[in-house]
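Subject: Two-chain model for you to look over

Hi,

Here is the structure I promised to pass on. Please open it first, then read my notes below.

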Amino acid sequence: MVKFNIKNLNIWFGQIHALKSVNVEIEANEILSIIGPSNSGKTSFLRMLNRLNDLHPEFKMSGWLEFDNEDIRKINIEDLRKRVGMVFALPLPLPLSIFDNIAYGVKMHGLKRRERVSEIVERSLKQAYLWDEVKDRLDVSAFKLSGGQQQRLCIARTLAVEPEVILFDEPCSGLDPISTAKVEEAMLKLKKDYTIVLVTNNVKQAARVGDRTAFFLSGELVELDKTEKIFTAPADQRTDGYIRGKFG
Amino acid sequence: MAIRKIKEFAIEKLILICGLASIFFVVLIFLFLTKEGLSVFKTVTPFSFLFGKSWYPISEPAQLGILPLICGSLLVTLGAAIISIPIGVACAVYIAEIAPGKIKEILKAGIELLAAIPSVVLGFIGMVTLVPWVKTTFNLPTGLTALSGSIILAFMAMPTIVSIAEDALYSVPKSYKEGAFALGATHWQTIYRVLLPAASSGIVAAVMLGIGRVIGETMAVMMITGNAAVIPQSILVPVRTLTATIAAEMGEAVVGSEHYFALFAVGIVLFIISFIINVTADLFLHKRKF
């Protein structure tokens, strides 16, 4: 099943042409990794999928972007963002306790019953592989957690509102290798129930977790294929050069 | 080489002296105030001064109880706070979050202009427009009431509250906002549950500084609150504030008299109140989150 169907997508921020005629289909329950140097448009692409680019005052787009066969501009924006969750590069806990950080989004979407909220908090923390580390101290400030734990807390928070798709924007850029491994493990398990789009600067991470990998360069989608194919026999020279570390 | 060093040294010391000057003057003012003010306690006890119910400084013997003045100041300030805090904070939210570019600039300029109006002008406008309005609306014998004072002072507190609260809201990291939006929050939910709490210490500081401005204000209140030194039973009666008392009576008090010292003691009370408010504002402004 196709989750996102993107045809001939162009976007601009003022004079800057950030994405040029991009065509992508994102399948349900796959991990799509997106790699490319900085300024290649990979984050702008990701932020199209939950319309976070709309916050930019000079944002313009043309082309076709469908989510579950529905024009993304016709979907109520809050519903869209509930269904398409996002985890940011820097872990961004709110100045609240661990429990309240996760309960926050859930309550915002109208769920009030305390025991149901507790259930969701526990389930989300388990899915994000954080439950065992924090179950005895749910009421301490989220800032007391380590960077890796905070990032998994943010994943749990995203999961708590029961999205269908999770967008990861360089989720491990500030983490050590062990925390990175834990986040990657969580992602691989989550793929069963969710569609994942992962933007990463770490080429090896894309190779480890991605089912398919897309390579962006200067706002163009250069190549999109099965991860093994991209990393063993890329069709485009530029992809080959980037993966081998010749530039970027 | 040596000349450069001497120059450096001289400039450094000069700046140091300038820096110390402000503290020096504050200390000097405070010392003078205490020296003059404390003399009043030779004739009245601090308790009967602070909690005495009547202020008749020129009767024989003089009655020097400033409770009516404290109540007057607090009532006018409270009224001004109730009016200016919701409007001021809402205005700050509108400017920082909602207003499109052009309107934002116009509003900010307007707020700055409001801050630039001399208090005597505000008092004068209040006297000819607000006071008659209060009189007829509430059907009172006089429109010179605590309410009139509160309304005019609310205008004076507003610029401080709006500009500092707007700064606080503006300096909330953009990522907080994006995080809330990415969870599917509406704009209002983001403002109410993320931006306002994250900016809360700055907003409290803004409110405190606004109140500090109100409590120290003299001219406008003297013109429109009626200046009756009685403990107010409602907000619709004339009151007299600490500041107005000093301004109105200092000219006629005989230097070295009991009345004269009492006015200085009122100054000390005022000084302490503003000091507490400013320190509280400072604490909130520099509070580290969590």
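I call a residue buried if 20 or more other C-beta atoms lie within 10 Å of its own, exposed if 12 or fewer do, and partly exposed in between, with C-beta atoms placed from the backbone. Helices (H or I, at least four residues) and strands (E, at least two) are DSSP runs, numbered from the N terminus. The model is predicted, so local features need pLDDT of at least 70 and side-chain atom pairs count only at pLDDT 80 or more, while totals for chains, interfaces and linings use all residues. Residues are numbered from 1 along each chain as its sequence is written, and chains are lettered from A and ligands numbered from 1 in the order in which they are written.

Chain B

Chain B has 12 helices and 2 strands. From the N terminus on, its elements run α-α-β-β-α-α-α-α-α-α-α-α-α-α. The C-alpha trace spans about 75 × 75 × 35 Å along its principal axes. Of the 290 residues in chain B, 39% are buried.

Two residues are in contact if their C-beta atoms, placed from the backbone, lie within 7 Å. In chain B, 73% of the contacts between residues at least 6 apart in sequence join residues at least 24 apart.

Look at helix α12 of chain B, residues 258-285. The expected span of a helix is 1.5 Å times one less than its number of residues. For the 28 residues of α12(B) that gives 40 Å, and the end C-alpha atoms are 40 Å apart, which agrees.

Which residues of α12(B) are buried? They are F261(B), A262(B), L263(B), F264(B), A265(B), V266(B), G267(B), L270(B), I277(B) and A281(B). They pack against α1 (2-38), α2 (46-51), β2 (63-64), α3 (67-98), α9 (200-216) and α11 (242-249) of chain B.

One loop residue is also worth a look. I117(B) lies in the loop between α4 (101-116) and α5 (119-137) of chain B. I117(B) is partly exposed, because 13 other C-beta atoms lie within 10 Å. I117(B) and K35(B) are 82 residues apart in sequence, and their C-alpha atoms are 35 Å apart in space.

Chain A

Chain A has 10 helices and 10 strands. Its radius of gyration, taken over C-alpha atoms, is 18 Å. The globule rule, 2.2 Å times the number of residues to the power 0.38, gives 18 Å for 248 residues, so chain A is as compact as a globular protein of that length. The C-alpha trace spans about 55 × 40 × 35 Å along its principal axes. Buried residues make up 45% of the 248 residues. Of the contacts in chain A with a separation of 6 or more, 69% are between residues 24 or more positions apart.

Now the sheets. Two strands pair if DSSP finds at least two bridges between them.

An open sheet of 4 strands in chain A has the order β2-β1-β4-β5, with antiparallel pairing. Its edge strands are β2 (16-27) and β5 (70-71) of chain A, and each pairs on one side only. Strand β1(A), residues 2-13, pairs with β2(A) in the antiparallel sense over 8 bridges. W12(A) has H17(A) in β2(A) as its bridge partner.

Another open sheet in chain A has 6 strands in the order β6-β7-β8-β3-β9-β10, with mixed pairing. Here β6 (84-87) and β10 of chain A are the edge strands, each pairing on one side only. The twist averages 15 degrees from one strand to the next, with axes being lines fitted to C-alpha atoms, for helices over the stretch in contact, and angles running from 0 to 180 degrees between N-to-C directions.

Follow β9(A) through this sheet. Strand β3(A), residues 31-35, runs parallel to β9(A) and is joined to it by 4 bridges. I35(A) stands opposite F215(A) in β9(A). On β10(A), the bridge partner of F215(A) is E223(A). Strands β9(A) (212-217) and β10(A) (220-226) run antiparallel, joined by 6 bridges. They form a hairpin with 2 residues between them, and S218(A) in the turn has a positive phi of about 50 degrees.

Interface

How many residues of chain B are in contact with chain A? There are 15, and they meet 19 residues of chain A. The elements of chain B that give two or more residues to this side are α7 (174-182) and α8 (187-198). α7(B) gives the most, with 5 residues. The chain B side divides into 7 nonpolar, 5 polar and 3 charged residues. Ala, Val, Leu, Ile, Met, Phe, Trp, Tyr, Cys and Pro count as nonpolar, Asp, Glu, Lys and Arg as charged, and the others, Gly among them, as polar.

Best wishes
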